[in-house]
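Please read each point with the coordinates at hand.

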Amino acid sequence: GDDSSTLASWMSAFESTGKLLITGKKLNEARADFKSAKADTAETLETIKKYHANEDYMLCPHSAVGVSAVHQLNMANSATVCLATAHFAKFGDACSRAVFTLPEIPKELSQLWSLETRSSNCSNDAKVVQKFTERKIEERMEKHKQRDEKKKMITNLLLVSAAVGVVAMIVSASKRR
């Protein structure tokens with residue numbers, strides 16, 4: 001159940017020691033709900049290689065650790081679903097250590113490599129990050145609003161131009177009669 005004081009003491013201990021020690025009933029409850037495994041670099045690369053060769057699927061290194069864990073825990077079956085965490089192209093250098101010729105990268109993804117990288121620094125303060133995020137969202141919303149207003153104005157100008165053209169054709173046709 002909910003035990004905020006225990007959780008607070010665990011978090012405090014973890015902050016000061018970098019370790020989390022859970023024992024007794026709480027540990028047994030956690031073990032009933034969670035399983036864990038690990039994969040070192042060699043195991044990760046082997047999983048990438050195996051899935052590429054056997055399943056024609058290219059795993060990213062993080063996804064390969066999860067897939068490896070499922071196999072280590074004997075949990076792989078026809079109902080098992082492993083969600084990939086990223087596209088392999090994000091980790092091309094690592095994946096090329098497992099698979100000599102990497103599959104083709106989708107055009108939409110390969111275009112990202114030529115785009116400008118944007119980054120912003122914020123102090124390690126939740127309120128500062130929240131305000132920064134809110135400001136960025138507001139800026140984007142304003143930019144989209146301005147863009148939408150421009151589109152609307154252009155559409156209106158085109159409609160007016162078309163209407164003027166139709167009127168000119170009608171006037172011209174009536175003068176010929």
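Contact here means heavy atoms within 4.5 Å, and the term applies wherever one element is said to cover or touch another. The model is a predicted one.

1. Overall architecture. The protein contains 7 helices and 0 strands, and its elements run α-α-α-α-α-α-α from the N terminus on. The radius of gyration is 29 Å, well over the 16 Å that the globule rule gives for 177 residues, so the protein is more spread out than a compact globule. Along the principal axes, the C-alpha atoms fill a box of roughly 100 × 50 × 35 Å.

2. Burial and surface. Of the 177 residues, 13% are buried. The accessible surface comes to about 15100 Å², and carbon and sulfur atoms contribute 57% of that surface. Among contacts with a separation of 6 or more, 42% join residues 24 or more positions apart.

3. Helix α7. This helix comprises 51 residues, 126–176. At 1.5 Å a residue it should span 75 Å, and its end C-alpha atoms are 75 Å apart, which agrees. The N-terminal end of α7 is capped by Asp125, a side-chain oxygen of which lies 2.8 Å from the backbone nitrogen of Lys127.

4. Helix α4. The 12 residues of α4 (residues 61–72) should span 16 Å at 1.5 Å a residue; the end C-alpha atoms are 16 Å apart, in agreement with that value. Its buried residues are Pro61, Ser63, Ala64, Val67, Ser68, Ala69 and Val70. What covers these buried residues includes α3 (41–55) and α5 (92–95). After α4 comes Asn74, which has a positive phi, near 55 degrees.

5. Thr44 of α3. Which residues does Thr44 touch, not counting those up to four places away in sequence? They are Ala39, Pro61, Ala64 and Val65. Thr44 belongs to helix α3 and has a relative accessible area of 8%; because this is under 20%, Thr44 counts as buried. Its side chain reaches the backbone oxygen of Asp40 at 2.8 Å.

6. Thr47 of α3. Thr47 is also found in helix α3, and its relative accessible area of 10% makes it buried. A polar atom of the Thr47 side chain lies 2.9 Å from the backbone oxygen of Glu43. Leaving aside residues up to four places away in sequence, Thr47 touches Leu59, Ala64, Val67 and Ser68.

Note on methods:
Residues are numbered from 1 along each chain as its sequence is written. This is a predicted model: local features need pLDDT of at least 70, side-chain atom pairs count only at pLDDT 80 or more; totals for chains, interfaces and linings use all residues. Side-chain values use heavy atoms; hydrogens and water are left out. Helices (H or I, at least four residues) and strands (E, at least two) are DSSP runs, numbered from the N terminus. The expected span of a helix is 1.5 Å times one less than its number of residues. A polar contact is a pair of N or O atoms within 3.5 Å; within protein, one must be able to donate a hydrogen and the other to accept it, and residues adjacent in sequence count only if both atoms are side-chain atoms. Buried means under 20% relative accessible area, exposed over 50%, partly exposed in between (1.4 Å probe, protein chains only). The radius of gyration is taken over C-alpha atoms; the globule rule is 2.2 Å times the number of residues to the power 0.38. Accessible areas come from the Shrake-Rupley method with a 1.4 Å probe; for residues, only the protein chains shown count as cover.
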